[in-house]
Amino acid sequence: MKNNQFDDDVREFVLLFNGVFLIVSNDALFNKNLRATLLRHLSIKQECVYNAATVESLHKEVKALRSKSNKVLLFIERELNGRNMADLIRYIKTDYNNEIYVVVLTTEVERDKLVLLHELGADNIITKPISPDTLVEKIAFTVKPRGQLGELMDQGRQSLEMGNPLEAAKIAKQVLEIKANSPSGLLLMGDALREMGKRDEALRAYTQAEKGARLFLDPLKKIAALHHEEGNTVEELKFLERLDKLSPLNVDRKVDIGAGYVKLGDNDKAKAAFDQAVRIATKEALDGLSRVTQLIAARCMDAAPELSEQYLRQTLNTRKNMLDRSDIETFNRLGLMLRRQGKWQEAIAEYRRALKISPEDAGLFYNISMAFTEGKQYIEAYQHLDRALSLNADLWRTNEAICYNIATVYRRYGKKDQAVGYLKKALGINPNYAKAQTLLQEIGSAI
């Protein structure tokens with residue numbers, strides 16, 4: 001890692017603002033890498049880095065740190081111990097306002113989920129895995145606004161919090177003089193005008209901010225709130241529904257939309273919105289339940305595959321009509337458990353269920369090929385492997401074992417040259433891979 005301005009920004013957060021880092025994650029690798037980056041590369045003292053393994057310990061740590069006037073940068077998993085942290089993130093940002101920065105840790109997820117995290121108040125999002133340089137850059141951008149505009153915006157927000165909207169308006173004007181039509185500057189101006197009772201002018205500022213930033217949700221939320229305060233339900237709903245299109249996983253907003261339609265006497269539209277809210281909330285609850293059953297299945301995988309099979313089936317049955325691409329890994333694990341018990345035909349049936357969700361998934365076709373091989377159905381094994389490689393010609397690059405398995409199918413189907421080619425690829429990945437060496441010798445002896 002090279003030293004740069006981002007390194008200095010992170011050190012400045014600690015030295016000038018009494019900044020500390022609080023990590024709420026059970027991801028051992030991320031914890032290790034983050035600590036190495038902070039302690040070794042940035043030379044930040046160990047007493048500035050804290051860990052909390054549970055939500056309860058998080059609350060205790062935050063309370064203790066805030067009592068010492070620490071500025072806290074919180075790293076928190078999007079899901080912790082099988083629980084979605086969305087409500088907690090919202091609470092932290094609402095209760096502590098700007099005293100805590102929140103960086104959400106996640107794996108690759110759908111765009112809608114990322115939008116919701118930002119809407120709930122996440123200051124930044126880290127998609128794991130992440131390199132040390134990128135990690136430092138993410139932290140720096142979180143704790144230090146870039147340049148004069150960012151500093152002015154901080155001053156303006158502080159003025160609002162201190163009950164000085166006139167000063168906030170003056171700062172917003174400075175922002176807009178530096179960058180005309182800045183969405184953030186217009187939003188600050190709107191907030192200041194609203195506090196001064198100039199609601200029409202505030203509405204114009206919010207509307208202008210919304211036009212300048214298509215995915216900037218805050219102006220739309222401010223406009224909806226203004227219409228709500230004025231009792232203009234028709235206009236409020238118009239903006240709530242625009243927000244819903246941009247961030248469709250916000251349950252509370254769907255309830256607000258339903259309540260708006262109740263006021264207007266349109267119970268059909270109200271029910272549609274309420275049903276959507278219930279569906280999303282149900283899915284979140286089922287996601288939590290399925291994570292528990294998957295954890296049980298993983299613990300039973302080696303010693304009790306039949307128990308693992310039972311809980312993997314329970315995971316899928318729990319979700320029933322809500323199955324999506326995120327469940328493909330569960331189908332793959334279930335197929336593996338069935339194959340370990342010699343139930344290769346049942347495994348194929350599960351893989352084919354998964355194909356209905358993800359019909360172009362090369363991994364599923366590969367797994368079907370392996371199941372047919374175990375059932376000594378070599379023609380079907382070859383056909384499905386051929387389909388897998390047509391969807392992903394680089395499938396073999398995953399590891400040497402997959403190369404070996406591909407070679408085995410080709411050999412059984414009588415394509416020895418192709419089998420030799422994949423065995424050589426396996427040895428290219430791992431020159432000491434004994435199974436590939438042995439099979440290569442067998443094929444050579446038979447020629």
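**Cysteines, folds and loops**

Mentor: The structure holds zero disulfides. Keep in mind that this is a predicted model.

Trainee: Remind me, what is a disulfide in general?
Mentor: A covalent bond linking the sulfur atoms of two cysteines.

Trainee: Is Cys300 buried or exposed?
Mentor: Cys300 counts as buried, because its relative accessibility is 15% and the cut-off for buried is under 20%.

Trainee: And Cys403, buried or exposed?
Mentor: Buried as well, with a relative accessibility of 0%.

Trainee: Let's zoom out. How many helices and strands are there in the protein?
Mentor: The protein has 22 helices and seven strands.

Trainee: What box do the C-alpha atoms fill?
Mentor: Roughly 90 × 60 × 40 Å, taken along the principal axes.

Trainee: What share of the residues is buried?
Mentor: Of the 447 residues in the protein, 45% are buried.

Trainee: What about contacts between residues 24 or more positions apart?
Mentor: They account for 56% of the contacts with a separation of 6 or more.

Trainee: New topic: helix packing. At what angle do H16 and H17 pack?
Mentor: About 170°, with the axes 8 Å apart. H16 covers residues 328-340 and H17 covers residues 344-357. That angle makes H16 roughly antiparallel to H17, because anything over 145 degrees counts as such.

Trainee: Which residues make the contact?
Mentor: On H16, they include Ile328, Phe331, Leu334 and Leu338. On H17, Trp344, Ala347, Tyr351 and Ile357 are among them. Charged residues take part too, including Arg339 of H16 and Glu350 of H17.

Trainee: How do the contact residues divide by type?
Mentor: Ten are nonpolar, two are polar and four are charged.

Trainee: Now the loops. Where does Lys376 sit?
Mentor: In the loop between helix H18 (362-374) and helix H19 (378-391). Lys376 counts as exposed, because its relative accessibility is 61% and exposed means over 50%.

Trainee: How far is Lys376 from Leu226?
Mentor: They are 69 Å apart in space, C-alpha to C-alpha. In sequence, 150 residues separate Lys376 and Leu226.

Trainee: Let's do backbone geometry. What is the peptide bond from Lys128 to Pro129, cis or trans?
Mentor: It is cis, with omega near -5°. Pro129 lies in the loop between strand S7 (124-127) and helix H6 (132-143).

Trainee: What is the phi of Ser43?
Mentor: Positive, about 60°, although Ser43 is not a glycine. Ser43 is in the loop between helix H2 (28-41) and strand S2 (49-51). Ser43 is exposed, with a relative accessible area of 57%.

Trainee: And the phi of Ser69?
Mentor: Ser69 has a positive phi of about 60° and is not a glycine. Ser69 sits in the loop between H3 and S3. Ser69 is exposed, at 54% relative accessible area.

Trainee: What about Asn70, where is that found?
Mentor: Asn70 is in the loop between helix H3 (55-67) and strand S3 (71-77). Asn70 is buried, with a relative accessible area of 6%.

Trainee: Which residues does Asn70 touch?
Mentor: Leaving aside residues up to four places away in sequence, Asn70 touches Asn18, Val20 and Leu65.

Definitions and conventions:
Residues numbered from 1 in each chain as written. Predicted model: local features only at pLDDT ≥ 70, side-chain atom pairs only at ≥ 80, totals over all residues. Heavy atoms only, no water. Axes fitted to C-alpha atoms, helices over the stretch in contact; angles between N-to-C directions. Helix = DSSP H or I, 4+ residues; strand = E, 2+ residues; numbered from the N terminus. Parallel < 35°, antiparallel > 145°, perpendicular 65-115°, else oblique. Contact = heavy atoms within 4.5 Å. Buried < 20%, exposed > 50% of the residue type's maximum accessible area, 1.4 Å probe, protein only. Disulfide = S-S within 2.5 Å.
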